[in-house]
Amino acid sequence: MGIKSPQHIILITVLVTGTLHGCLSSGGQGGGRKSSEVAVQNSTMSVPEGYGRLLQDNPIILSGNVNLEATADLSKYLRSTPDFITYNNNLMESCEGSGTQGSIESCYEVRKDRATALPLTAVSKRWAFPVTTSEFAQVNAFGHIKKYIDRYHNLIRDLYTYKANPNTPPPLNFYETAIPRALYTTKAQWYGGQSLVIYADCDLPGNANFTPSDFTLCFGSYTEYPQVKMAQDPSVMHHEFGHGISQVMMNFRNIAAGLPERSNISYAFYDEAGSIQEGVADYYSYAMNGRSRFGEWGLIRFANAGRPVDENDTLHAPGISRNVEERLRYPDYLTYDSSEPTATIEDVHYAGQTTSHFLTAFTRDLQETCSMTFTQASDTVLYLLTESYAELGDLTGTASDHSAGANISEATINLGSGLDSSGVRISKDWVMKVAPINYRNFFQKFAKYAYQILNKGSSTRCNGFNYPLDNLEKLLDSYGLLLFKTYNENGGNANNGNSGTNKQVTAANRLKSVLISKNLIKLDSSTDSSPFFVFDKRADILSAVANLQARGNITQISSQIPSQLDYNNGNGEISPGEVVGIALNLYNDSNSTMAGVEVLANDWDHTKDDGGVPKPCNSFEDAWPLSTEGAAPSDGSGSSAGACQWTTRTNGTAGAPTETGESLHPVCFVQVRDGGTTKWATQDALRISQNQDPNKCLGGTTNRKDCYIRAIRGADFAWYSKINPKTSWGKTVPDESGSPTFNSNNILLFEASPDIPPGTVFDCRFRVRFTNCTECFTKQTDSNEDDWLDYEYSGPLPFKILHFQFTVID
Amino acid sequence: MKTDQETPKIKSSLIAGVMICGIVAGLIYWFNQESPPSHTPQQVVSPQPQSKTIVYETLEKKDKNIKRYPSTSVELKNISLHKKPDDHASPTTLKRAGRFLRGDDLERFSDEKVYLPTVNTPNPNWKEKLGHELLRFQPEGVKVALAHEQSYLSISKGKGRYMELIVVNYINPVSGNTAFRALADSETGQLIDTWDQTHSERPVQIKFTQHQD
């Protein structure tokens, strides 16, 4: 959330609570069930063994009062009928597997906080505690998350056994499921079989989190209102648990295959994977309560931070409705906060609203078209989300145990499970930054499974009917999400990814989803702007490095860089020995909004070996550098491994004899003197000309390609939510002062060697794309408008190339 | 008198009877409203000390050196102790040099007789080196509680690299704790890859201010 002035916050709070009141009192979607308001003493002996009491919903809903005070007596909203909790002596439970496999004895447990070593113990085998206590919050969290865990396990077991049935290969099965055969034998259905530990009363002011490294959920309370706990609001807990099960789904295939690595639900403060995930988590909450908003008590009442999930909700600004013209369309509403409609805020939660609103609309469509109950329809959506995440997060690359590829060992997604030269799995780079989840490929995947399960082959899985694909395409389009031309059933394999069955989207259904040519993204060339921003203030950069490192976002920083960043001088230029942040001043030269802009500074295939010396290829769209300026010699006719026109199929890892001459190269080249002329060359060429010891390269003697300037892994990609027509990102997302706020997701971090000779000129060749781009995902030369193959993201074609040229100043 | 004395007894007996009946009826009504599950209660064994519990070690920067010691209970206060992953969570059951293999051509290289050049050599001080990497940009007072989960030999293009699978917990008394899982080089302690990062609903923004002339 953006920074707001106190007056602003008060005004918004008044507006929101007023609106909320209107909503509740009118009996709308947020309509409350007013309780009898007779306090129920939740004493131990008032319940039978194994029982306790829960707040059946959050206090706002139970009271029907949007202005309920933090000090309200919540015991008034307990019902006298006790709730079954568990017969176990501790607040913990087992989970059934499938048949004899996959049972988890210690599946989940609830503790007070991270300082508490064991789950809560029953008192006289009972779970009733006064509503103001931490014990009550723990029981409440257990009871509500148990409901979702039971639903989740029942759903996954049903998919595994009957619907997706991975043990039955096509053609006996009707589609290729991403759910692995070894789901239960490896306990991949529950992140390898760990116990999910839920901390119901965490020391986390006004916050909640999910930590996959120890498989925990943490629910905090408010410093100003310590009696208000997130664990009193089931909708907040279901949202957070939704992050957990999305992470589990993304790693079904990785755990089943025994990989140690995991895919993440997001990778930056703002990225589209993260924003979609927030919308999906909002939907998980909706799937449990069917309400048009979530977080009424835990987020809206005291932090002004809840969100609607349906255009009919009265929290929305005027002009938003379920009318097809007035939906929360991508990319127009990516920065929309319903409580502050005129502000533009680059935040995953707000951006995620398009996703949640689409999913609730699709649920309603299933209810109407397939005559499904709400539970049936929402279970169907959860089914499609399960398949989508299981495939998108697949680091094995196979997408299914019954792959679309001719050979199931051939990768059809995320390039493949091979390792790069440093031992990092290539597929992990694809999921994180090279071909990450965005609004195009997520909804393409979701649509693929919807098509294959509900429509293809005269399917009757729409509750006995065939689901009309036009419904889905038109609905996606009404949300601006029909950004793909085919369902990409044939995957991204290098050999067969552009052949085989591939359902095409009906072009006539694309009326509101706008695609823009990649050529219309540029650097801002206006006279009052710089095409780049350089950040080198020591305190800022040191704080950024420390934070990103502690969060596990960045890995290595060269030992050549001093630990206190002593060289960082804050002059806005790049100097020897600094760690610097770089942001391109991106400009949208089209008449439509561009969104999901990603800048890549990772190594890619853009050099050619010329007699043992790598030289920059100039046969790409940027035609850089000139032949007289050091470009690699032209390929001549044809293309084969080693040529500029050949993109490596293995991300440069195969080498000879499979891909002789193919390798990746860092983004930055350097100007060197060659006789009487200057040429663009590799950084190693400069090192040789300087007669510098390779030990002094940033990456040490074994890594000389980026000896002087190196993008820091993990901070070598940047995201921007959207850019309005005919303007720059900075002017699209201004803060109160009119300038943009640069967050870590907007910045590429580079380290500069202390040994760079001042005056040296570098040119960094970044690759840029955006989600609603015509050519960045669809191969225009393919007659079927199929997608680029996975390997092609190692090269130039799916991207716009933008250069950042700078001189190192001492 | 007798009658007068008996009447209250009868009355009180009647009242008591009515009360008992009422309580019984109430209980019957209440249990009919929401009967406890009829299945036999399934007991889950209470947590016991686990033999496979991971041992945490604290890494702390002292006078430019990294001090390593078993984590104290205070340091572990906010860290969830957990079990080591089961063996099925390893990429393969194939091993070499006592380490699980990951990467290419594992079957062949699981045979110790097949020569495998390696790009690094395990260093007994890898944890201290890792500690140096993890703490050198961190402010005073920040510590790392490290859990070692598994050792790997990673094979790519016919070359091996020794790696350690670890869980890194930053203990930061000012900005809060963070955690993630990582692969680290067994010789230099350098991080190679990371995942399983904390997903916070309201992460602290890392802001960058523009240079002003």
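# Chains A and B, term by term

Guide: In strand 21 of chain A, Thr727(A) is the bridge partner of Asn588(A). Strands here are DSSP runs of E with at least two residues, helices are runs of H or I with at least four, and both are numbered from the N terminus. This is a predicted model, where local features need pLDDT of at least 70 and side-chain atom pairs pLDDT 80 or more, while totals for chains, interfaces and linings use all residues; side-chain values use heavy atoms, without hydrogens and water. Residues are numbered from 1 along each chain as its sequence is written, with chains lettered from A and ligands numbered from 1 in the order in which they are written.

Visitor: Why are strand 13 and strand 21 of chain A said to pair?

Guide: Two strands pair if DSSP finds at least two bridges between them. Strand 13 (residues 586-588) and strand 21 of chain A have 2 bridges, in the antiparallel sense, so they pair. They belong to an open sheet of 3 strands in chain A, ordered 10-13-21 with antiparallel pairing.

Visitor: What makes strand 10 and strand 21 of chain A stand at the edges?

Guide: Strand 10 (521-523) and strand 21 (727-728) each have a single partner strand, so one side of each lacks a neighbour in the sheet.

Visitor: How do you know that strand 17 and strand 18 of chain A are joined?

Guide: DSSP gives 5 bridges between strand 17 (residues 668-674) and strand 18 (residues 677-681) of chain A, which run antiparallel. Arg673(A) stands opposite Thr678(A) in strand 18. Their hairpin has 2 residues between the strands, and Gly675(A) takes a positive phi near 65° there.

Visitor: Why is Asp401(A) called buried?

Guide: Asp401(A) has a relative accessible area of 17%. Buried means under 20%, exposed over 50%, and partly exposed in between (1.4 Å probe, protein chains only), so Asp401(A) counts as buried. The residue is found in the loop between helix 10 (374-392) and helix 11 (426-434) of chain A.

Visitor: What makes the link between the side chains of Asp401(A) and Arg253(A) a polar contact?

Guide: The distance is 2.9 Å, and a polar contact is a pair of N or O atoms within 3.5 Å; within protein, one must be able to donate a hydrogen and the other to accept it, and residues adjacent in sequence count only if both atoms are side-chain atoms. The Asp401(A) side chain also reaches the backbone nitrogen of Arg181(A) at 2.7 Å.

Visitor: Why is the meeting of Glu261(A) and Arg102(B) called a salt bridge?

Guide: A salt bridge is a side-chain nitrogen of Lys or Arg within 4 Å of a carboxyl oxygen of Asp or Glu. The N to O distance for Glu261(A) and Arg102(B) is 2.2 Å, so the pair qualifies. Across the interface of chain A and chain B the rule finds 3 salt bridges, and over all chains the count comes to 53.

Visitor: How do you know that Arg301(A) and Glu69(A) also meet in a salt bridge?

Guide: Their N to O distance is 3.9 Å, so this pair too falls within the 4 Å limit. Arg301(A) sits in helix 7 (residues 296-303) and Glu69(A) in the loop between helix 2 (59-63) and strand 2 (83-84) of chain A, 232 residues apart. By relative accessible area, Arg301(A) is buried at 16% and Glu69(A) is partly exposed at 48%.

Visitor: What makes Glu325(A) count as exposed?

Guide: Its relative accessibility is 51%, which is over 50%, so Glu325(A) counts as exposed. Glu325(A) forms a salt bridge with Lys512(A), the closest N and O atoms being 3.0 Å apart.

Visitor: How do you know that chain A and chain B are in contact?

Guide: Contact means heavy atoms within 4.5 Å, and 102 residues of chain A are in contact with 70 residues of chain B. The buried area (the accessible area, 1.4 Å probe, that two parts lose on being put together, summed over both) is about 7400 Å², with carbon and sulfur atoms giving 50%. Strand 6 of chain A also pairs with strand 9 (residues 199-200) of chain B in the antiparallel sense over 2 bridges, and Phe210(A) stands opposite His199(B).
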